[in-house]
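Biologist: I would like to go through this protein by question and answer. Can we settle the terms as we go?

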Amino acid sequence: MSTEYADLTDTVTAHLRVRGLAAPEAGLTVRTLTGGVSNDVVAVTGDGVDAVVKRALSRLRVRQEWEADVGRLTTEGRALRLAATIAPDSVPPVLDLSDGFLVIGRAPDHWHTWKADLMAGVIDVHVAARLGEFLAKLQRGTAGRVDRLRDEFGSRTAFEQLRVDPFHRQIRGRYPELAPQIDRTMAVMAETTECLVHGDYSPKNVLVGDSAAELWVIDWEVAHLGDPTFDPAWIAGHLLLKSIRRPDYGDRYRAAAATFLDAWNCADPESVAQLIRQTGCLVLARVDGRSPVDYLDEPGKVAARSLGRRLLGDPPHSLPDAWRLLV
């Protein structure tokens with residue numbers, strides 16, 4: 001056991017006992033969870049305890065230097081509590097939020113990420129529909145409360161540090177010929193405070209069980225009041241990237257995206273244009289941004305760059321039409 005891991009285990013155990021979430025003499029098992037670059041995340045099980053504990057990192061675990069405000073953990077806890085008032089079955093319960101730690105309920109052992117399914121070619125359109133319905137409900141449920149939510153979710157510091165800087169601004173430097181479209185995308189984001197935005201609404205942050213009814217949306221640390229097209233672009237963009245990796249499943253990924261977008265249900269032309277631009281930015285950023293995906297080979301990266309350029313420079317009429325650009 002590394003010294004760092006032992007220190008984290010002792011710190012988490014002590015925190016749970018101080019907060020009354022674990023008995024003083026309770027035997028606890030602390031297990032590190034993988035997949036995150038921005039937090040220490042552990043599963044804690046034992047006598048009367050079955051939880052996930054998160055602690056935000058000030059410097060992310062990536063090759064390039066990337067720092068972020070640890071206050072985003074408080075934002076995540078607040079966002080989870082807010083989402084639970086709208087769709088309690090779609091998020092993990094918050095058990096405690098204090099002293100730099102967020103403690104939430106742990107998903108059953110048989111649950112896994114939707115990303116794992118998608119990477120394996122298991123593409124359930126019912127999950128896509130559920131995600132679209134939840135997002136629509138979240139956006140409707142917070143749109144009328146923006147003024148009351150401004151104190152808790154008005155800050156965009158973490159969103160700028162973890163999304164706009166490493167994604168939009170990074171690719172703007174890489175693709176100066178697309179600067180007008182990227183600038184327009186960022187300007188709309190800066191001007192819009194329409195509803196609560198998750199900020200990382202991607203398949204890796206969706207836990208699913210044996211059916212679409214068993215689903216949690218996790219990792220709300222960059223939640224903010226903002227642009228309602230940002231979250232759906234994350235789902236559609238990742239389905240496009242996976243279509244590049246697995247073209248044999250392209251039609252199924254497209255069907256999932258179309259089902260998701262139908263459930264989200266936005267037909268406003270300006271919003272559709274912003275959604276397509278956002279998706280183009282995401283596709284390019286996941287190749288040439290600060291946090292690229294790890295599953296595209298060199299031909300796949302070339303295809304993603306071509307797709308991203310087309311989405312920004314010569315956009316299709318609708319986002320599902322983007323799949324035609326992959327042929």
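Modeller: Helices (H or I, at least four residues) and strands (E, at least two) are DSSP runs, numbered from the N terminus. This is a predicted model, in which local features need pLDDT of at least 70, side-chain atom pairs count only at pLDDT 80 or more, and totals for chains, interfaces and linings use all residues. Residues are numbered from 1 along each chain as its sequence is written, and side-chain values use heavy atoms, leaving out hydrogens and water.

Biologist: Arg 169 and Asp 165 sit in helix H6; about how far along the helix are they separated?

Modeller: Their side chains meet in a salt bridge (2.5 Å, N to O). A salt bridge is a side-chain nitrogen of Lys or Arg within 4 Å of a carboxyl oxygen of Asp or Glu. Helix H6 covers residues 157-174, and the two are 4 residues apart in it, so their separation is about one helical turn.

Biologist: Is Arg 169 buried, partly exposed or exposed?

Modeller: Buried means under 20% relative accessible area, exposed means over 50%, and partly exposed is in between (1.4 Å probe, protein chains only). Arg 169 has a relative accessibility of 40%, so it counts as partly exposed.

Biologist: How many salt bridges does the whole structure hold?

Modeller: Side chains of opposite charge can pair when their charged atoms come close. A search of the whole structure gives a count of 20.

Biologist: How many residues apart in sequence are the parts tied together by Lys 54 and Asp 219?

Modeller: The side chains of Lys 54 and Asp 219 form a salt bridge (2.8 Å, N to O). Lys 54 belongs to strand S3 (residues 49-56), while Asp 219 is in the loop between strand S9 (215-217) and strand S10 (224-226). Lys 54 is buried at 3%, whereas Asp 219 is partly exposed at 23%. The pair therefore ties together parts whose distance in sequence, in residues, is 165.

Biologist: Which helices do Arg 305 and Asp 288 lie in?

Modeller: Their side chains meet in a salt bridge (2.9 Å, N to O). Both are buried: Arg 305 at 17% and Asp 288 at 9%. The pair ties together parts 17 residues apart in sequence, because Arg 305 lies in H11 (residues 298-313) and Asp 288 in H10 (residues 269-288): the helices are H11 and H10.

Biologist: Which are the edge strands of the open sheet?

Modeller: The sheet has 5 strands in the order S1-S2-S3-S5-S4, with antiparallel pairing. Two strands pair if DSSP finds at least two bridges between them. An edge strand pairs on one side only, and here these are S1 (28-32) and S4 (94-98).

Biologist: Over how many bridges do S2 and S3 pair?

Modeller: Thr 45 stands opposite Asp 50 in S3. Strand S2 (residues 39-46) and S3 run in the antiparallel sense, and their number of bridges is 8.
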